[in-house]
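Could you read the points below against the model as you go through it?

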Amino acid sequence: MTDHLLTVKDLSIAYEVPGLDIVAVSRASFDVPKGSIVGLVGESGCGKTTMARAFTRIISDNAKITEGSMMFDGQDLATLPEKAMNALRWRDIAFVPQSAMNSLDPVYRVEYQLNEVLRGRGGMTRAQAKVRAEELFEMVGIEANRLRDYPHQFSGGMRQRVAIALALALNPKLIVADEPVTALDVIVQRQILDQMRDLQRELGISIIMVTHDISVVAYICDRTVVMYAGEVVEDCDTATLLSEPLHPYTMGLKNAFPDIASAGSGTLTPISGAPPDLAHPPSGCRFAARCPFATDHCRAVSPVLEKHAEGHSVACHRAHEAAQLREKAAQPETWGEMA
Ligand SMILES: Nc1ncnc2c1ncn2[C@@H]1O[C@H](COP(=O)(O)OP(=O)(O)OP(=O)(O)O)[C@@H](O)[C@H]1O
């Protein structure tokens, strides 16, 4: 049996806004095996960021974990008292935000910001912190003499490397990276993903990679969890997910993104429409309105996430017909007819 660093079970997170609850994450379940990169993929508004932030419990004041658990190294992150949770941040779980400008304060030199973590959180002496800061910069491929620069003196890609160095500062077991390469061009994306992969292998850490781009998960993730409208709809090792997707949404995402490795050739077919408003989710399968294969049963009854094969779960009533559906999904007109 695989050793899991994180086990998410039936996790629900709701935002309380006047007059209603927006359930951004609905009964999500998946595992993060030790020493692996797990992708959380889905379109904007599917609840990925909400879930990723829940792992460090840096969520908005109006967000509440309403049910479920997140077992991390024997502790439930959903119910851990704030003091214990705070002790885990940076040391055990570190967060890399979408834009490093959000984690780096423009008025301080990056060395100062690394020191905050190394000395403030890690209890290092000034001399230890200096050695570690230089080591971290070397790990992410930046010259140590740039430690005294301000964030604006770095390019976007370099700033993301600084954010990765910051996340690695205290040797965490898990890094949660929220769209860490989205704002960058494809070549820089690839360089940063390569580096994250190298560091992950070298250090034996686990990474949760949040992305809307299935080509990013194809490039770097060992396993992939596909989210749609707050729900996990498919969970599998990435190679199988891409070669034999079971959920029509995964099939659609595959058609909609260029391949990061080949720098984009072939036709792209978007999934028309948008995910439903989570304040008023539809009954039945939440993807049905955009799914070319939806039946009346799909529109009426919500499918549950079920094991289809060892290590491969899916929430789709038609998963047993996936081989035929894949053939149809590969034809652009299948999706065009939905428009
Ligand atoms: N502070 C908030 N108050 C109320 N609703 C929120 C808040 N933050 C997010 N939401 C809602 O929760 C849902 C999920 O948002 P979330 O940001 O987690 O999705 P996402 O998949 O990460 O999308 P993105 O990539 O755009 O961040 C959306 O419907 C969003 O409008």
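1. Strands here are DSSP runs of E with at least two residues, helices are runs of H or I with at least four, and both are numbered from the N terminus; two strands pair if DSSP finds at least two bridges between them. With strand β8 (residues 206-211), β3 pairs in the parallel sense over five bridges, and the partner of Ile-37 in β8 is Ile-207.

2. The model is a predicted one, in which local features need pLDDT of at least 70 and side-chain atom pairs count only at pLDDT 80 or more, while totals for chains, interfaces and linings use all residues. Residues are numbered from 1 along each chain as its sequence is written.

3. Strand β3 (residues 37-41) is largely enclosed by the rest of the structure, because five of its five residues are buried, a residue being buried if 20 or more other C-beta atoms, placed from the backbone, lie within 10 Å of its own, exposed if 12 or fewer do, and partly exposed in between. Both faces of β3 are covered, with Ile-37, Gly-39 and Val-41 buried on one side and Val-38 and Leu-40 buried on the other.

4. The antiparallel strands β1 and β2 are joined by 10 bridges, and Leu-6 has Val-32 as its bridge partner in β2.

5. Which residues come nearest to the ligand? Of the 16 residues around the ligand, these are Tyr-15, Ala-24, Ser-44, Thr-49 and Thr-50, where a residue is near a molecule if its C-beta atom, placed from the backbone, lies within 6 Å of it. The elements that give two or more residues to this shell are β1 (4-17), β2 (20-33) and α1 (48-54), and α1 gives the most, with three residues. The shell divides into six nonpolar, nine polar and one charged; Ala, Val, Leu, Ile, Met, Phe, Trp, Tyr, Cys and Pro count as nonpolar, Asp, Glu, Lys and Arg as charged, and the others, Gly among them, as polar.

6. The 12 residues of helix α3 (residues 110-121) should span 16 Å at 1.5 Å a residue, which agrees with the 16 Å between its end C-alpha atoms; the expected span is 1.5 Å times one less than the number of residues. The buried residues of α3 are Val-110, Gln-113, Leu-114, Asn-115, Val-117 and Leu-118, and what covers them includes α4 (126-139) and α5 (156-168). The helix is followed by Gly-123, whose phi is positive, near 65°.

7. Ile-187 lies in helix α6 (residues 186-203) and counts as exposed, because it has 10 C-beta neighbours inside 10 Å. The C-alpha atoms of Ile-187 and Val-217 are separated by 16 Å, with the two residues 30 apart along the chain.

8. Overall, the protein has 12 helices and 12 strands. Its radius of gyration is 21 Å, close to the 20 Å that the globule rule gives for 339 residues, so the protein is as compact as a globular protein of that length; the radius is taken over C-alpha atoms, and the rule is 2.2 Å times the number of residues to the power 0.38. Buried residues make up 42% of the 339 residues.

Conventions. Two residues are in contact if their C-beta atoms, placed from the backbone, lie within 7 Å.
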